[in-house]
Amino acid sequence: MSAERAGPALLAEDVRAGYGAGDIIHGVSVQVAPGTVTSVVGPNGSGKSTLLKALCGVVRPSTGRVCIGDRDITGLRPEEVARAGVGYVPQVDDVFAPLTVRENLEMGGYLLAGREVAGRVERVLSVFPRLGTMLARRAGRSGGERKVLAMGRVLMLEPAVFLLDEPTANLAPQVASELLTGHVRALAEAGAAVLVVEQRARAVLAISDYTYVLGGGQVLMADTPARLNASQEFTESFFGVGPRVPQTRQAPKPS
Amino acid sequence: MVIVSLGMTLIIEFGLQAIVGGTNVSYTMSQGPTVRAGGLVLTAVQFVIIGLALVVMAAVHVLLRYTKLGKAMRATAANRSLARNCGIRTDRIVTVTWALTGALCGIAGTVFAINNGSFGATSADLFLVVILAAVFLGGPGQAYGAMLGAVVIGLATEISAAYITPSYKDVIAFAVLLVMMAVRPGGLLGAAA
Amino acid sequence: MTSAQLYYLLNLLIYAGVDIIACLGLSQQFGVAGVTNFGFIIFQAVGAYTAAILSLPSQSANGGFQSYLGGWNLPFPVPWIGAAIVGGLAALPFTFLVGRRLRGDFAAVGLLVTAVTFNLLVTNYRPFLNGAAGLSLVPAPLQGEYDPSGAGYQWAYAVIALVLAAGAYWLVRRVTESPYGRSLRAMRDNDLVADSLGKNLLAQRTSVLVLGGALAGLSGGILVGYITTWSPGAWGYAETIVLFAAVIIGGAGSHRGAVLGAILVPVGFEEATRYIPSTFGPPGFVDDLQWVAIGLLVVIFLWFRPQGILPERRRIIGAASAPVNMTNEDVVTLAGPVRASHGAAVAGSALPAADPASRATASPAVADDGAVLRAVDLVRDFGGVHAVAGVSIEVRRGTLTGLIGPNGAGKSTLLSVLAGTIPVTSGQVIYQGRDVTGLPAYRRARLGLVRTFQLASEFKRLTVMENLLSAVPGHRGDSLAGALRGRRFWRRDEEAAIARARVLLERFGLSSYADTYGGDLSGGQRRLTEIMRALMTEPAMLLLDEPMAGVHPRLARQIGAQLLDLCAEGMTILMVEHELAIMDEFCNPVIMMAEGTVLATGTMTDLRARAEVVEAYLVG
């Protein structure tokens, strides 16, 4: 999958979604091109997690459209979305705690044909060598190792699109930085489209090709990290004076 | 959920009795020669039953540990949402699990009838509670807990029958369960209270 | 009416009386308090056996073919009284199953197992209660003076049974329609929250087990006096299912529902099948169909109409309020002028009862500088991670102090430590000059330091008014004894509480929602209800955990204004919040945390100007 392919790998248009009484996100549109890292940042409660859940089918959008390549996956159940080539790593409950590390990876490869699984596990272990030492152990370990396993699990399918929900949550800053600059960036280098939601805005901007700023369930700004970092409005959006009418200054995406 | 299950029990049990009638029937089969083993006297058929139980336990173990389906069942139990994100069709897994449970119970019923000599539609009445006792003893949600609980309760009841009046043997089982609930609500293999 | 038909009718009435009493007891446990007692039939059996052995002559009489305990040949009404008492006492050993944090379904199974065990024991141990054959030739009440087979006697029996049923109805109503009943229902809806409001779950569950047990026992006594025999076959665990079916179909938690269920299921159902000729199908076919039908009914009702035919009715308290407005609009017009900025000291509507300001001054030694709450070097670890890593803060009286910070900064943990929900690893919490570090949350609440929770904690099947009233501490009607003493005993406390609640509802603009079920409220209205409920406990200081989460911005500002009014009246509030616009407008000072420590304190404008604060948010 080369970066020159036309058309976004993931496209969400005007998505509204919530958990029952009232929507959390009110008409959000994002695009992710293959081979790039796109980040979504914003203050707490801005709807970042809900956006990812709406994209992977865990939450059903009330309106809007979600497409993977040419295929419309709006409203599909999560197991069908996985079959469409979307890998999702949730923020919490991200591994199968009572299963061993190897079994976790095997579940990640559930959709693969039987004989492919072993080979795929080898490939994942070469990306995350630390997992190789823990194969027989149960998964429910702490912080960093657990997150690495979660990433490994989703890597098994080698999906076209990765959705990562705050991968550095609860990690020490050093480990967080490694995860982002090393592994997350590497996923995009390998050709996948990566959409990362993060609290650590500075850190994730450093590895992103494009960034959306969410606030109050809407896109407040969207631009390249370089321009955002230089913008006063960007810092203000984290301290927003209330959710005002969003002025979506969308700079053209890098082709 | 428990109430619904009990309601279903009534429907199935008495529906069955309505269909097949109330008299007891039995398998016409001989129990085979008796065998002495270490102080116990068992018939050949009883040996077969024990063998069958071991085979079933092993089969369940193999299913859960080594097959894709079994691992998917454990994954679904551990984290249903994540299982779906892996592409596992969790609804189907649950249906298969129920079917498997039914099949295992069918085997258990047949074995019970063979051992007991005769049976009717309501012979298994008491078993419901023994089974519940075994499962909760081992820790609900733990397959191996259920196995352990079953063995413990089975042994406890039958051995105690040798020392106290046989009709009370099930009481021992229930007493064990109640003590467990007071002391260690998660069961033998579950988390400590 | 022929005499055969008359006898049949009287028979029905007596069974109706018995079943009504039993169902009322079960409805109390299952419908009102949420205790699933699958062993319920034991209590009826215990009562029946007790009445039997109290009224039977000694063993050797009647040719000595039965063996049993007791046999004291006591006259009516002693056996029935004994039945009720022993039925109630029999409940006490089971409290170990329902008191602890044992999952509801485990406890239910435990009770089921006990029922079966007891049946087994009785069946097999003949000297106890004559084993499987059961007891027979039990004397009917007053059979020395009257002829039990006469029509007059049967009439009297039926009348007495129905009178007792009416009495049971009155008793159950008295308990349920009291503040205690409200606490029971709160426990049913959300036992953890009820616990945090100070309700003693173990005592409450024990009391309904005993009360239900006594009623079941009485029903057993009445029954055995009529049919004069009682054997284990009559009370297998399946009988409990019949009673559960009755309560569910009639309407769990509603007394009339229990009565209706009793008439429909045990009586109506079983009698109706009488009319199907018994030669229909093989022997026992009709009986089996009965069971199948009961099972079907239970499943169907739980699927389509779990609330039953006559559902628990909504309690509308006090004088009729404005018609219930069922729109789920988030934007609510609040009474009283909206404060545009903090600091305006115009008195809003004051709470009529204990004024929070006086609470603060009346208590011992507030520190000279007016700090109501002080944290000294607080540390709280979670498995090696310092969630709170040495925090010292001070909250001054009458301030609306904000607590902000990025995710993982430790704000919620700090709040929990200050409230006493979780203990400190080290450090001190000083409240009103007093070291409360060792006190658990409910004790701090009694001293006036009260917190709210992030997650929804309203009682779904109580109205908003009932939600508020459930929080009142020390209510005279909030105990079994208090409830039994009747409305006159607790009326004064209740009326004072209602008045306070009405003022709060008025103040927060939810007066027209007073009779709306907690479960029907929108997100913003739930937040308001939680705050009002906290206020009902007459706190001196409130710890609010994200009160504006999920609330429409306009409503959030109105809530902010109300909080400011409360502070002007002397309340002190520490509020964790993400909505920084609220901090801007209402909070002074604002404490900013990051990575477990306090980074800066000041107004939002001050904080925003500080580079390290901005960085902390962006670094995350």
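## A covered helix in chain C

How many of the residues of helix 2 of chain C are buried? The count is 16 of 16, so to speak a mostly covered helix. Helices (H or I, at least four residues) and strands (E, at least two) are DSSP runs, numbered from the N terminus.

Helix 2 of chain C covers residues 40–55 and reaches 24 Å from its first C-alpha to its last. That is close to the 22 Å expected at 1.5 Å a residue, where the expected span is 1.5 Å times one less than the number of residues.

## What you are looking at

This is a predicted model, where local features need pLDDT of at least 70, side-chain atom pairs count only at pLDDT 80 or more, and totals for chains, interfaces and linings use all residues. Residues are numbered from 1 along each chain as its sequence is written, while chains are lettered from A and ligands numbered from 1 in the order in which they are written.

## Where chain C meets chain B

Two residues are in contact if their C-beta atoms, placed from the backbone, lie within 7 Å. By that rule, 33 residues of chain C touch 30 residues of chain B. On the chain C side, helix 4 (95–99), helix 5 (104–124), helix 11 (237–250) and helix 13 (285–304) each bring at least two residues. Helix 5 of chain C has the largest share, 13 residues.

Sorted by class, this side of chain C has 25 nonpolar, six polar and two charged residues. Ala, Val, Leu, Ile, Met, Phe, Trp, Tyr, Cys and Pro count as nonpolar, Asp, Glu, Lys and Arg as charged, and the others, Gly among them, as polar.

## The nonpolar cores

A nonpolar core is a set of buried Ala, Val, Leu, Ile, Met, Phe, Trp, Tyr and Cys residues joined through C-beta atoms within 7 Å. The largest one has 210 residues, and B:Ala133 and C:Ala245 touch the most other members. Helix 1 (residues 3–32) of chain C gives this core its largest share, 13 residues. A second, separate core has 86 residues, including A:Ala17 and A:Val86.

## A quick look at chain B

Chain B has eight helices and four strands. Buried residues make up 27% of its 193 residues.

Key
Buried ≥ 20, exposed ≤ 12 C-beta atoms within 10 Å, placed from the backbone.
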